[in-house]
Amino acid sequence: MENIIKIITADITQLDVECIVNAANNSLLGGGGVDGAIHRAAGPELLVECRTLNGCKTGEAKITKGYNLKANYVIHTVGPVYTGAENDVKMLRLCYWNSLELAMKNSIHSIAFPAISTGAYGYPLKEATEIALSTVVDWIETNLDYKMKIIFVCFSDETTKVYNETWILFQNIKKT
Ligand code: AR6
C-alpha cells in the first residue's frame, strides 16, 4: 500500500500527475482556496469548460481538462460544509470515492487530492484525514486489478504531520 499512496507537502497546481482533484463548490465556477489556485494556474479556459457542466452536487465529481496545468485532467468534487452531522462523513467519503471512480472511468492512473473540506468548509482536519485515508484504502482494496497512484497533497507541514500520524495509526489498526 505504501508505494500506491503518498503523502506530500506541496502546491497541488504544480504537480506532474495525470489528474488533480479540486475542492470546488456547487457552482463549479471557481472560488478561493485550492479552487482559486487551480483556476488561476489552469487559465480561463477551465472556467469556460466548467460553465458547461451545470454545477455539481455535494459528494459528486465531474471532470475537465487541465489546460495550462501539468495535469491533463482536473476532477472537481464538492465537499460538505461541516455541520457535525452524520451526513458530513458520508458526503466526504463520497467525494474521494466518486473522484476515484471517475478517474478509473477515464483510464487515469495517477491522482492527487487536496484535503477536501478542511479549509473554508471547516471540516476538522483529523476527522477529515481519517475519512480520506480510509476511503482511499477501501477503494484500492475494492479495485485491486486497477493500478492507481494516489497522492495526498498537504498545503502545510502541520497538515502533513496529521496525515502521516493518521496513516501510521491506520496501518497499526489494520495489522491487529
Ligand atoms: N495546493 C494544495 N492544497 C491547497 C492549496 C494548494 N494550492 N490551496 C489551499 N489548499 P479550501 P474547502 C488546501 O478552502 O474547505 C473554495 O472557495 C487548504 O489549506 O480550498 O473544500 C471553493 O470554491 C485546505 O487544507 O477547500 C469552495 O467554496 C484544503 O486545501 C470552498 O472553498 C481545502 O481548503 C471549499 O472549501
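Predicted model: local features only at pLDDT ≥ 70, side-chain atom pairs only at ≥ 80, totals over all residues.
Local features need pLDDT of at least 70, side-chain atom pairs count only at pLDDT 80 or more, and totals for linings use all residues. Residues are numbered from 1 along each chain, and side-chain values use heavy atoms, without hydrogens and water.

The shell around the ligand holds 21 residues, of which Asn25, Gly32, Val34, Asp35 and Gly119 come nearest (a residue is near if one of its heavy atoms lies within 4 Å). By class, 11 are nonpolar, eight polar and two charged. Helix H1 (33-42) gives the largest share, four residues. Strand S2 (19-24) also gives two or more.

Polar contacts are pairs of N or O atoms within 3.5 Å. An oxygen atom of the ligand lies 2.8 Å from an N or O atom in the side chain of Asn25, and an oxygen atom of the ligand lies 2.8 Å from a polar backbone atom of Val34. A ligand nitrogen is 2.9 Å from an N or O atom in the side chain of Asp11. The protein covers 87% of the 700 Å² of accessible area (Shrake-Rupley method, 1.4 Å probe) that the ligand has on its own.

Ser117, in the loop between S5 and helix H4 (125-142), has a positive phi of about 75 degrees although it is not a glycine.

Key
Polar contact = N/O pair within 3.5 Å; in protein donor to acceptor, adjacent residues only side chain to side chain. Nonpolar A, V, L, I, M, F, W, Y, C, P; charged D, E, K, R; others polar.
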